[in-house]
Amino acid sequence: MVLQRISSSSILVTKFLPEIRRNVIPRQRLFASLDRGLKEGKVILVVAAPGYGKSTLLSSFIASQDLPAIWYRTDKADADPVVLVNGLLAAVLRCLPDEATETQGWFGTGPEPWRGSLATLLAALGRNASRELVLVMDDFDAASDAPSANACLEILLGYLPPNVRLCIASRAQPKLSYIARLRQYGGLLELGEWELSFTQAEVQEFLSCCHGLTIDAEQVGRLVTRIGGWPAVLPMLGERISQQGTADIAELMDLAVARNSMYDYFAQCIVDGQSPHVQEFLERSSILQQLTPPLCETILEAADARETLEHLQRNHIFLSLVSDREEVYTYHSLFREFLQTRLRRRIGEAEVTVLHQVAARYFAERDMVEAALYHAYQACDWAHAAALIRKGAPGAIRAGNMETVLRWMDMLPKTAVESDPWLLLHMGRIFSFKGRLSLAHQVLSQARAVAGPQPEPGLEARLLYELGKLSYLVGQSEESDRQFHMALSLAAEEGDAALASKVWAGLTVCYAVHDRLSEAIAAAEQSLSCAPHIADVATRSHARLRAMRHLSWAYLRCGRIKEAIETAQQICPLDSERVKNVVQASVLCVLGAARAAKGELEQALEDLCIAKEMSDKYGFLNPSEAASLAKATTLAMMNRLEEAEDVYQSLELPLHDEPELIYLRLLQGRLDDAASVARRQLQQAEARVSRGKVARLLALLGAIELQRGDLSAAEHLLDRATDEFASMDLRYDLAGTRLYQARLCFLADDADKGVSLLIEAFEYAAREDLYNFFLWHPAVVTPLCAEALRRGILPSYARTLAQRRLGPVLHQSFLPFRHDDAPEPNAEDEQVADESVVQMPNDTIALTLVLKDCQDQEIRCRILDAVSHAWINPGGLARLRDHHCLTWREIDIFIQYYLLYYLLGQRSGQEEPGDSSPRREQLARSLYLADNTLRSHISSIRRKIGVLGVRDGMAVFRWALDEGIVAQVEGARSLHGSSQESASGRAFA
């Protein structure tokens, strides 16, 4: 091979030096990624559009790390591999002069004359294996399209010495198979525009360090959103802000000087270098928010749209691929604004308007309302925009996108909205959904006025329906009924089955609230019968969903719980991902309330939480409040009273107008509050002649008086409630009231009547498969279950009720409860009472309620054993659980580790030795816990009860004595000492 020496002066020195910029901040988050890439990988690839700081990042990183680096900036001449290799070799010799004797600048001649020089280059890089080198190839895109240069680089990458790391900065993705291989198998770190974009913190740091500006986070956030994190614009903006001030820095982007400077950069560095065809495509496509090949082919009449988009995206011309599957692209916001300005200057505003009108029609034909509206607004075609809103608003409201519809209307001129009754109708519907009733009534009244004396029948019917809903919500029942029937008559004349279905559903609610329960069910069935006659599939499906929801709710109001659940389950979504609109959320709310009424409380709570979450997500106030009320009541039924109180307090309702609050106060023992609220509500209900509410309030007052011990008053109130429930055939409410009457009879020594009432209630509940009751209170139902078992009253149902609703602990406390594997008793056994079953004492009931949420059977049994041996008392157990927030596992360890150790005499009164490891390890083995886990639990116990320190075993035990948690008085005194005897006596008193 013939070798030829070349002169080092043939290569510009600036190709070996990184461009030095001022106003640079260290980007530590990217520095960390680069450092990790150098340690773990072989190649670092930084690819982004111009102005993203690729070269600046690499040069500042190398300077900050003081790395031995070889820098080479490629240009178009490097498309010749001979020039490329020669340049790289010169860069190596410049940085590593010691290699000059071995690798002086030679390259060979022949078919591929660069191979010999490449071998020399690789030998120079790898000569000292212990010397780590970084080779940086900047502006790599300048030579990346040449096949011969790519072949040369493939060999360079394939044989790169292990001590060398290669960093490539490029505007386009390199066409190198070795890069793809590294991406597949590791060894490649890639940084793109997303990573290089400045974050809010980095923008603040840049403006502070480089321009001495202190700007609040809110304004910086708006600026970052405006520029999309593009670094190139920040120095220019810093200068503008320094001159103009920080009143509103986001508006500085619209100043002529700032905009022109930025536009000059885009023109000179990006667009002017493209072919005329690509330039025209860039400008015309800038009117589109998102670009797809079919869209560009139709609107822009660009036959090669797919190839052009791929070229722009591959070369990072400020075009990003949003969706790979659907080939959706979008421009950087600033670049798009520049292209739009350039387009207007070239073809004029009128031609741009025509393009927007074509795009609006394209999207409207495909029912893409949002995109069509954007182009209609850009073209100032307000009539077309209003027509699009009228068409898209019903579906958007049904899907819960009410804020979107309001945003659409806000973009129209105010006069265009105020003169269109249909737009006002949709606006009024939205305000009604959001609970802004007075504003909704004002807008709907304005719509009627705009519609004139002879409005379209369809419009008039819909306005009457919406006004009827408002009248119902504000308590004007007669006006609501009149408006609904007028709307129904107009809908029948027009043959509008969809509207008729909605009106019948509204009448269902009106009838049910006013205790016209049979009429409510009939109206719901009429609403359901209208659905099959609706032509539009989506509207028909929605109408059926709404009718079924109302029918289920009517059944629930009537106390037909089983039918309410069965109806709701036919249409109920299974999870939150399938809840897409207000009707589905409402159905889930009704289903949850029905399940709670039946006694399926855990499932009910789950349904109600999902209904609440989805109602809040879509901004539906009424379903959200209904779900919250039902959720609070369900939590109260589960004896989770503090959580129920929190839910009530979070509501924006006048709580004293909600009967559910009375029930919660009853369970909390706040009887005076409950009675006060109930009496005030009773007066209001009697004034409104609301029989169902009156009966429920009477029953609640009777339950309150029963808890107070005033049996005479309780009997009078419960009898009145019973008569009302019986007359309205509300058997579910009647059964719950019968239970209270049975309890009242047993307390008054009228056992025969009590047994009769108990049998009546239990037979109905067993037939309907119910395990919950109106007015449920564990302190009332618990002794009734025991009484039923003692007297042989439906023992199978009584056992199941106790197990499901009173908890496993209470279930085990009832004798003779049998295990699941025991044989079923015969009919005669069902009729014979077991005399060993007695009514449970009150402290056992209290213990049952405390232990109700303890799910671990072994822990529950050990705690029950501790209570039965008087090692801990129920009151102390409740204090550890509720006041000090110990978990059941921690309470178990507290008993085993502290109380039993001292109470059983294993320790005298001396302090605990410093090393308690043997005792702790023994307990860990017996509880099947790791020693570290047990130590963690012990530390948590000490922290929660406030007794800290290492030698604190006796201190914890003394604390338990003082708090009245320990129940064994004699054993306690011997350990507590005479000095503490009086204190322990007070504790146990």
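User: At roughly what angle do the axes of helix α17 and helix α19 cross?
Analyst: In this predicted model, helix α17 covers residues 369-378 and helix α19 covers residues 402-410. Two packed helices are described by the angle between their axes and the distance between the axes. The axes of α17 and α19 come within 11 Å, and the crossing angle is roughly 15 degrees.

User: Are α17 and α19 roughly parallel or roughly antiparallel to each other?
Analyst: The axes of the two helices cross at roughly 15 degrees. Angles under 35 degrees count as roughly parallel. The crossing of α17 past α19 is left-handed. The relation of α17 to α19 is therefore roughly parallel.

User: How many of the residues of strand β5 are buried?
Analyst: In a regular strand the side chains alternate between the two faces of the sheet. In β5, Leu-133, Leu-135 and Met-137 point one way, while Val-134, Val-136 and Asp-138 point the other way, and all are buried. Strand β5, residues 133-138, is thus mostly covered, and its buried residues number six of six.

User: In β6, what is the bridge partner of Val-136?
Analyst: Strand β3 (residues 69-73) pairs with β5 in the parallel sense over five bridges, and Trp-71 stands opposite Val-136 there. β5 also pairs with strand β6 (residues 164-170), in the parallel sense and over five bridges. In β6, Val-136 has as its bridge partner Cys-167.

User: Near what value is the phi of Asp-139?
Analyst: Most residues other than glycine have a negative phi, and most peptide bonds are trans. Asp-139 lies in the loop between β5 and α5 (147-158). Because its relative accessibility is 31%, Asp-139 counts as partly exposed. Its phi is positive, in a residue other than glycine, and lies near 50 degrees.

User: What is the relative accessible area of Asn-639?
Analyst: Asn-639 is located in the loop between α31 (621-637) and α32 (641-650). The phi of Asn-639 is near 65 degrees, a positive value in a residue other than glycine. Buried means under 20% relative accessible area and exposed means over 50%, with partly exposed in between. Asn-639 counts as partly exposed, as its relative accessible area is 29%.

Conventions. Residues are numbered from 1 along each chain as its sequence is written. This is a predicted model: local features need pLDDT of at least 70, side-chain atom pairs count only at pLDDT 80 or more; totals for chains, interfaces and linings use all residues. Side-chain values use heavy atoms; hydrogens and water are left out. Axes are lines fitted to C-alpha atoms, for helices over the stretch in contact, and angles run from 0 to 180 degrees between N-to-C directions. Helices (H or I, at least four residues) and strands (E, at least two) are DSSP runs, numbered from the N terminus. Angles under 35 degrees count as roughly parallel, over 145 as roughly antiparallel, 65 to 115 as roughly perpendicular and the rest as oblique. A crossing is left-handed if the near helix is turned anticlockwise from the far one by less than a right angle, and right-handed if clockwise. Buried means under 20% relative accessible area, exposed over 50%, partly exposed in between (1.4 Å probe, protein chains only). Two strands pair if DSSP finds at least two bridges between them.
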